[in-house]
Amino acid sequence: MNVSKTEYEIMQLIWARQGWVSGQEVCQLTQGRGWKAPTVLSFLGRLCEKGLLETKKEGKLRFYRPLLSQQEYARREAQELVDALYGGQPGLLIASLAQNGLTEADRAQLKKLLEGDWE
């Protein structure tokens with residue numbers, strides 16, 4: 001999906017709101033980051049173009065909501081990473097991570113996942 005770091009930060013704010021959020025509200029939520037309102041609105045437009053947000057206009061306000069959950073987005077990004085770097089073979093990604101060292105807790109979690117325990 002090729003989302004920038006800034007776009008992802010904005011998506012995180014929107015996911016946390018759970019539902020429709022106004023562009024004005026997103027601008028308020030990003031005030032501490034030093035981004036000006038036109039910049040934030042531009043990022044929101046790009047996120048709509050990329051299919052991550054849908055938008056509606058009510059009066060003078062424009063509202064946005066995510067088209068994908070944060071979990072679905074992460075799953076798609078992970079699959080793109082596996083496809084691009086490991087030829088679609090997730091085992092090669094796991095082997096690469098294991099070479100960097102896994103803690104005992106990491107191994108236990110991985111074992112549970114491989115056994116089909118997704119919680």
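1. Rings of Phe, Tyr and Trp, the last taken by its six-membered ring, are said to pair if their centres lie within 6.5 Å. In this predicted model, the count by that rule comes to three aromatic pairs.

2. One of these pairs joins W15 and Y73, with 5.6 Å from centre to centre and 45° between the planes. W15 belongs to helix α1 (residues 5-17) and Y73 to helix α4 (residues 70-86). The two residues are 58 residues apart, and the pair thus links distant parts of the chain.

3. Are W15 and Y73 buried or exposed? Both residues are buried. Together with Y8, W15 and Y73 form one aromatic cluster.

4. A further ring, that of W20, has a charge placed over it. The charged end of K56 sits over this ring, 4.4 Å from the centre of the ring.

5. Helix α1 also packs against helix α3 (residues 37-49), at an angle of about 85° and with the axes 10 Å apart. Because angles of 65 to 115 degrees count as roughly perpendicular, α1 is roughly perpendicular to α3.

6. Which residues of α1 and α3 meet? On the α1 side they are T6, E7, I10, M11 and I14, and on the α3 side F43, L44, R46 and L47. The residues of this contact of α1 with α3 divide into six nonpolar, one polar and two charged.

Terms used:
Residues numbered from 1 in each chain as written. Predicted model: local features only at pLDDT ≥ 70, side-chain atom pairs only at ≥ 80, totals over all residues. Heavy atoms only, no water. Phe/Tyr/Trp six-rings, centres within 6.5 Å; stacked < 30°, edge-to-face > 60°. Helix = DSSP H or I, 4+ residues; strand = E, 2+ residues; numbered from the N terminus. Buried < 20%, exposed > 50% of the residue type's maximum accessible area, 1.4 Å probe, protein only. Lys NZ or Arg CZ within 6 Å of the ring centre and 35° of its normal. Axes fitted to C-alpha atoms, helices over the stretch in contact; angles between N-to-C directions. Parallel < 35°, antiparallel > 145°, perpendicular 65-115°, else oblique. Contact = heavy atoms within 4.5 Å. Nonpolar A, V, L, I, M, F, W, Y, C, P; charged D, E, K, R; others polar.
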